[in-house]
Amino acid sequence: MKKLACLAALAFSFSAAQAAPLTLDLTSGAWANLHNSAVSDTYTESGFRLRTVRAGDHFDPGINSDVYIHNGFQNKDDVSWVLDFFGASFSLLDFNIAGYADGASSITLTGSNGVVQTLSGLGNLAISGMDSVTSVVFNIDQDGGTQGVAFSEISVDPAPAQQVPVPGSLGLLGLGLAALGITRRRVSSK
């Protein structure tokens with residue numbers, strides 16, 4: 001019985017490990033309300049939701065990349081969209097920008113934790129400070145006109161590091177190993 005308890009403690013310490021980060025490919029999910037001027041466009045994949053902030057702004061799947069987003073012709077100011085995990089915490093790791101259109105040259109990200117980061121350039125760009133957020137707002141930095149950005153792949157970690165205290169996990173592992181050693185020593189001395 002003691003061996004079983006020790007093994008359970010050891011198994012519990014390993015079960016506290018993180019879920020692996022995942023990459024949203026922005027092609028295998030589901031689109032809703034595309035180009036309906038009265039409702040925001042929405043894309044969902046692996047429990048994550050990507051949605052425009054206001055009606056009229058919209059996503060164009062498969063144009064210039066997996067996703068192209070721009071403001072509607074009636075909206076001449078910045079276009080924004082939000083990534084969330086339906087209220088659960090996550091970490092945003094990377095964002096892959098394929099290109100800009102009509103004068104756009106950067107986007108600004110604002111996490112629900114208050115961290116702000118501006119991205120410019122192309123390719124897979126690392127994100128910093130967007131840990132344990134419940135949402136990230138992406139904003140194309142514009143000054144009028146119909147500017148847009150094309151992107152593919154968003155890397156996220158659905159189980160942020162802050163949810164699992166590393167010292168506690170190491171402590172449980174140590175207790176489990178110590179208990180196994182004590183049990184083994186008692187069995188071998190009999």
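Modeller: In this predicted model, T42 is found in strand 3, residues 42–45.

Biologist: Is T42 buried or exposed?

Modeller: T42 has a relative accessible area of 17%; buried means under 20%, so T42 is buried. Leaving aside residues up to four places away in sequence, T42 touches A30, W31, A32, N33, R49, L50 and R51.

Biologist: In what sense do strand 2 and strand 3 pair?

Modeller: Strand 2 (residues 30–32) pairs with strand 3 in the antiparallel sense over 3 bridges, and W31 stands opposite Y43. Strand 3 also runs antiparallel to strand 4 (residues 48–52), joined by 4 bridges; there, T44 has R49 as its bridge partner. The hairpin of strand 3 and strand 4 has 2 residues between the strands, and S46 takes a positive phi near 50°.

Biologist: How is a pair of aromatic rings described?

Modeller: One gives the distance of the centres and the angle of the planes. The structure holds 9 aromatic pairs. For W31 and F59, the ring centres are 5.6 Å apart and the planes stand at 55°, so the pair is tilted. W31 lies in strand 2 and F59 in strand 5 (residues 58–61), so this pair ties together parts that are 28 residues apart in sequence. W31 is partly exposed at 26% relative accessibility, whereas F59 is buried at 0%.

Biologist: Which geometry do F48 and F90 form?

Modeller: Their pair is edge-to-face, with 5.2 Å centre to centre and 90° between the planes. F48 is buried at 1% relative accessibility, and F90 is buried at 0%.

Terms used. Residues are numbered from 1 along each chain as its sequence is written. This is a predicted model: local features need pLDDT of at least 70, side-chain atom pairs count only at pLDDT 80 or more; totals for chains, interfaces and linings use all residues. Side-chain values use heavy atoms; hydrogens and water are left out. Buried means under 20% relative accessible area, exposed over 50%, partly exposed in between (1.4 Å probe, protein chains only). Contact means heavy atoms within 4.5 Å. Two strands pair if DSSP finds at least two bridges between them. Rings of Phe, Tyr and Trp (its six-membered ring) pair if their centres lie within 6.5 Å; planes under 30 degrees apart count as stacked, over 60 as edge-to-face and the rest as tilted.
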